[in-house]
Amino acid sequence: MTSAISLTGLVKTFGTTRALDELDLDVRTGEVHGFLGPNGSGKTTTIRVLLGLLRADAGTVRLLGGDPWADGVALRARLAYVPGDVTLWPAITGGEVIDLMARLRGGLDRRRRDDLLERFDLDPRKKASTYSKGNRQKVGLIAALTSDAELLLLDEPTSGLDPLMEAEFQRCIEEVKAEGRTVLLSSHILAEVEALCDRVSIIRLGRIVESGTLTELRHLTRTSISVETFRPLDGITGLTGIHDLTVDGRHAVFDVDTAHLDEAVRHLSGLGVRSLTSTPPTLEELFLRHYDGADKS
Amino acid sequence: MTTTAGAGILVRFMLRQERRGLPWWLIGSGLLVGYQSVGSQDLYGTPEALAKLRATMTGNAALLAMSGPERLLDTIGGEVVFEIFGFLAILVGLMNMFLVGRHTRTDEETGRGELIRSTRTGRHAPLVAALCVAGIADLAVAIVVFGAAAGTGLPVAGSVLLGAAAAGAGIAFAAMTAVAVQVFENPRSVYGAVGIAIGTAFVLRAAGDIGNPVWSWLSPIGWGQRTFPYAGDRWWPLVLPLAAGAVLVRVALILLDRRDFGDGLLPYRPGRATASWALRSPIGLGWRLQRGSIIGWTAGLLVLGIAYGSFADSVEEYVADNPEIAQYLPGGAAEVVNSYLALVILISALLAGASAVAGAMRARHEETSGRAEPVLATRVSRRAWLGGHVTVTLAGSAVAVAAAGLGHGLAYGIAISDPAQALRLAGVALVQLPAVWLLVAVAVLAIGWLPRAAASVAWTFVGYCAVVAMFADSFNLPDWSRQASPFVHLPQAPLDTVTAPPLLIMSALAAAVLTAGFAGLARRDFGY
Ligand SMILES: Nc1ncnc2c1ncn2[C@@H]1O[C@H](COP(=O)(O)OP(=O)(O)OP(=O)(O)O)[C@@H](O)[C@H]1O
Ligand SMILES: [Mg+2]
């Protein structure tokens with residue numbers, strides 16, 4: 001499978017800050033790739049490098065088969081971008097901005113534009129200075145979604161959208177995906193990531209610390225087990241991958257590394273299971289571990 | 001709870017917010033008066049000089065239109081008022097407009113006002129408080145103007161009256177703003193409407209000073225002038241701004257009761273739903289962003305040119321009467337009219353240059369505000385993006401410079417009955433264009449290579465050129481220190497004969513510097 005984006009050993013420093021520290025990222029053609037990480041971890045910086053706005057200090061950058069710094073214009077003709085904080089010209093209306101951006105990208109599909117305006121319930125006749133934060137964001141989204149670009153770079157595109165519009169956005173991305181286009185979606189909204197993304201990469205302090213499908217990532221975490229057995233709970237402390245164990249007679253509560261779940265369940269069933277509840281890790285737990293875990297390392 | 005509850009607290013709060021900006025308005029008013037007072041006393045300090053000036057001015061309609069009623073020329077203090085009062089009143093009017101507008105309509109628009117209204121403040125409190133703050137500011141203006149006038153040796157009674165007249169104009173414009181704030185839903189429209197009102201007041205008083213004085217009595221600026229400070233000290237016209245202010249504030253409060261918070265009586269006019277044909281390229285965007293200031297500057301320079309040009313014919317006579325003036329004119333007294341035109345056209349070109357540099361710096365502002373980023377995420381290269389802005393700036397500056405020359409030529413041509421002067425002086429002004437373009441090129445060079453310092457670099461260069469052009473002779477600056485100004489190397493038309501080489505070399509230099517600036521932008525990180 002080919003890659004729409006492939007970054008290896010990417011380094012970008014601002015003065016003494018090392019914003020990107022040997023970052024590797026691979027986004028496959030046709031997938032929706034979640035890009036997650038705490039504030040200031042380097043998501044926006046990565047996207048700016050991809051847009052050819054920043055020059056990498058070291059490492060290789062491949063975007064749609066080219067180098068965005070060297071052949072920027074030709075590559076950018078094939079992508080669409082939504083910044084996390086859409087700033088607009090105060091005296092120009094939202095409709096004008098959408099048209100201008102489409103024309104600068106090479107053409108305006110008026111039907112698609114009008115359709116999106118309706119779906120996102122945006123009044124295109126208002127001057128940008130009178131739009132609310134959410135409505136400004138909608139202008140940016142519609143301007144990007146009216147294009148038929150092969151690659152969408154979205155940097156926290158839904159910040160400020162209300163839940164109804166968030167749902168509409170997710171429908172739009174599903175359609176984009178169905179058309180076989182590629183999306184890089186930086187986001188802090190986990191439900192959005194869970195609903196849309198085929199794969200995710202988690203960035204911390206300018207490095208990718210985890211990358212894979214959500215199922216794969218779940219494997220890296222623990223499942224909570226609460227169990228009651230017929231026979232006494234012998235040998236359970238000897239199992240590998242068991243954490244936070246409390247035993248109360250024939251009742252035990254513990255976390256087990258997902259990789260060792262099978263082993264633990266076999267052992268328990270040998271003791272005769274009276275009742276068992278297992279709680280899979282939530283996405284929150286998954287990310288919170290990555291968000292603050294590495295601080296300690 | 002009364003409708004003005006909490007106004008006292010708001011006044012203190014607003015004054016705190018204004019503590020940075022307000023002093024500058026006051027300093028500006030003081031400098032304007034003090035500077036004019038010292039300068040006038042220097043030039044026309046003797047009764048003979050003043051009498052000669054009166055003789056020159058009598059019947060010069062264009063000059064009266066820019067200044068005031070002739071009667072003021074009876075005394076030296078009156079001469080100061082004659083020259084300065086119109087501009088002082090505009091300055092004070094703008095100060096009042098921004099003070100009242102900012103704390104009422106802008107607050108409502110941004111939602112800050114909602115925060116205030118959610119506390120225990122009455123419905124009228126923000127407007128009343130803003131008007132109080134304007135009143136306090138006007139009182140301060142009166143004191144500063146009095147200080148500047150009396151401090152530079154003008155009679156005390158007249159100085160008190162001059163201060164009061166300036167404050168009176170301020171009060172009238174503050175009250176006008178209070179009404180406009182109720183009518184329009186967004187601050188830009190409020191400022192536009194009040195700006196037009198201030199401009200109309202200036203034009204009405206000009207009409208009154210040239211022709212039928214009745215016109216002046218329709219203008220808050222005219223009311224102030226017709227107190228005749230130092231030239232009769234007439235106090236009763238001060239009643240007019242107070243009465244008008246009271247009526248307008250009453251109207252504003254009635255209108256305020258009839259509208260919803262955040263709304264205006266005239267609803268916000270929606271704009272276009274789709275982009276016009278022209279908004280499709282970086283140049284189209286550059287034009288859209290700069291057209292307002294280009295049109296404004298072109299119109300302003302045309303008017304300024306007309307004002308300067310109308311004076312050209314009488315300048316010969318004037319210089320014969322005031323030989324000291326000749327030292328400020330390049331070429332001295334010999335070719336007086338041509339030296340005068342060369343100087344004022346140079347000043348116009350410098351103003352056009354300043355406006356062009358402001359236009360070029362817009363590109364930098366687009367970059368730092370993040371608005372350029374989505375544009376550069378399309379097929380637009382950095383070169384094309386900057387090129388769009390700069391092309392509009394360069395073309396706009398050419399139009400502005402030509403308009404200034406045209407203005408000079410129109411007025412001078414009418415005075416000497418030679419309509420061909422209009423096109424001649426437009427051409428003469430364009431001789432300065434390559435230097436204007438070099439100013440733009442230096443700004444672009446700085447944007448390319450020293451983005452963070454770009455504004456300081458560009459404006460320092462403009463300031464340097466202005467100092468060299470206007471003060472080099474009177475300050476006796478050494479010759480070498482002027483050489484970096486591009487204007488020095490161009491022929492001072494119409495005084496000098498114009499030859500092509502300096503113009504071509506300067507244009508080529510500007511092109512080279514521009515190219516270097518574009519190259520700098522192409523190789524650096526964008527957005528910082
Ligand atoms: N121009 C700059 N100069 C100095 N430091 C910068 C600059 N731009 C970014 N940084 C730093 O680089 C790091 C990465 O910032 P970046 O904006 O990429 O984070 P982010 O992941 O997008 O964060 P957020 O979730 O808040 O949007 C931060 O430490 C930031 O302070
Ligand atoms: Mg970011």
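Predicted model: local features only at pLDDT ≥ 70, side-chain atom pairs only at ≥ 80, totals over all residues.

Q: How far is an oxygen atom of ligand 1 from an N or O atom in the side chain of T45(A)?
A: Polar contacts are counted here within 3.5 Å. A backbone N or O atom of G40(A) lies 2.7 Å from an oxygen atom of ligand 1, and for the side chain of H188(A) the distance to a ligand oxygen is 2.9 Å. For the side chain of T45(A) the value is 2.6 Å.

Q: How much of the accessible area of ligand 1 does the protein cover?
A: An oxygen atom of ligand 1 is 2.9 Å from an N or O atom in the side chain of H188(A). On its own, ligand 1 has 640 Å² of accessible area.

Q: What area do chain B and chain A bury between them?
A: The contact involves 39 residues of chain B and 38 residues of chain A. Carbon and sulfur atoms account for 55% of the buried area. The total is about 3500 Å².

Q: Which residues of chain B lose the most area to chain A?
A: Chain B and chain A bury about 3500 Å² between them. On the side of chain B, three residues together make up 18% of what that side buries. They are R371(B), E373(B) and R379(B).

Q: How many salt bridges does the rule find across the interface of chain B and chain A?
A: One pair in a salt bridge is K12(A) and D525(B), at 2.6 Å from N to O. Across the interface the number of salt bridges is three.

Q: Which helices of chain B each supply at least two residues of the side that touches chain A?
A: Between the two chains, 19 residue pairs are in polar contact. The helices asked for are α12 (282–321), α14 (372–376) and α19 (500–523).

Q: How many residues of the side of chain B that touches chain A are charged?
A: That side has 17 nonpolar residues and eight polar ones. The remaining class, charged, has 14.

Q: How many residues apart are R199(A) and E31(A)?
A: Their side chains meet in a salt bridge, 3.0 Å from N to O. R199(A) is in strand β8 of chain A, while E31(A) is in the loop between β2 (17–28) and β3 (32–36). The pair links distant parts of the chain, and the separation is 168 residues.

Q: Which residue has a positive phi although it is not a glycine?
A: Most residues other than glycine have a negative phi. The residue in question is found in the loop between β8 (199–204) and β9 (207–213) of chain A. With a phi of about 45°, it is L205(A).

Q: Is the peptide bond from A493(B) to P494(B) cis or trans?
A: Most peptide bonds are trans. P494(B) is in the loop between α18 (454–471) and α19 of chain B. Omega for this bond is near 0°, and the bond is cis.

Notes
Residues numbered from 1 in each chain as written. Chains lettered and ligands numbered in written order. Heavy atoms only, no water. Contact = heavy atoms within 4.5 Å. Buried area = accessible area lost by both parts, 1.4 Å probe. Salt bridge = Lys/Arg side-chain N within 4 Å of Asp/Glu carboxyl O. Polar contact = N/O pair within 3.5 Å; in protein donor to acceptor, adjacent residues only side chain to side chain. Helix = DSSP H or I, 4+ residues; strand = E, 2+ residues; numbered from the N terminus. Nonpolar A, V, L, I, M, F, W, Y, C, P; charged D, E, K, R; others polar. Areas by Shrake-Rupley, 256 points an atom, 1.4 Å probe, with all protein chains shown as cover.
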